[in-house]
Amino acid sequence: MGIPGDAAARGARICAHVVFDLLWKDGAMGRQDAYRWLAYYMGLAEGECHIGRFTVGQCAEAIQL
């Protein structure tokens with residue numbers, strides 16, 4: 001599902017996933033609901049919101065949210 005990235009992008013995506021996974025792995029919401037929430041607040045279409053496709057900047061934004 002992801003787009004190949006350089007070392008910085010891969011590292012940023014890993015960090016973003018660690019933070020993102022906290023939203024749904026504790027049962028607060030489902031994984032799909034968490035992606036919907038993230039897409040909404042990042043101004044992305046749901047189909048475009050996947051951490052494996054994010055740039056370093058988008059990863060930083062996701063972590064901040």
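1. Lys25 counts as exposed, at 59% relative accessibility (buried means under 20% relative accessible area, exposed over 50%, partly exposed in between, with a 1.4 Å probe and protein chains only). Its salt-bridge partner is Asp21, at 3.9 Å from N to O, and Asp21 counts as buried at 16%. A salt bridge is a side-chain nitrogen of Lys or Arg within 4 Å of a carboxyl oxygen of Asp or Glu. Both residues belong to helix H1 (residues 7–25), four residues apart, about one turn of the helix; helices are DSSP runs (H or I, at least four residues), numbered from the N terminus.

2. This is a predicted model, in which local features need pLDDT of at least 70, side-chain atom pairs count only at pLDDT 80 or more, and totals for chains, interfaces and linings use all residues. Residues are numbered from 1 along each chain as its sequence is written, and side-chain values use heavy atoms, with hydrogens and water left out.

3. The count comes to three salt bridges. Arg36 meets Asp33 at 2.6 Å, N to O, and these two are three residues apart in helix H2 (residues 31–42). Arg36 also meets Glu46, at 3.4 Å. Glu46 lies in the loop between H2 and helix H3 (56–64), so this pair ties together parts that are ten residues apart in sequence. Shared partners join Asp33, Arg36 and Glu46 into one network.

4. The structure holds zero disulfides, a disulfide being a pair of cysteine sulfur atoms within 2.5 Å. For Cys15, the nearest cysteine sulfur is that of Cys59, 8.4 Å away. For Cys49, the nearest is likewise that of Cys59, 11 Å away. Cys49 is buried at 5%, whereas Cys15 is partly exposed at 44%.
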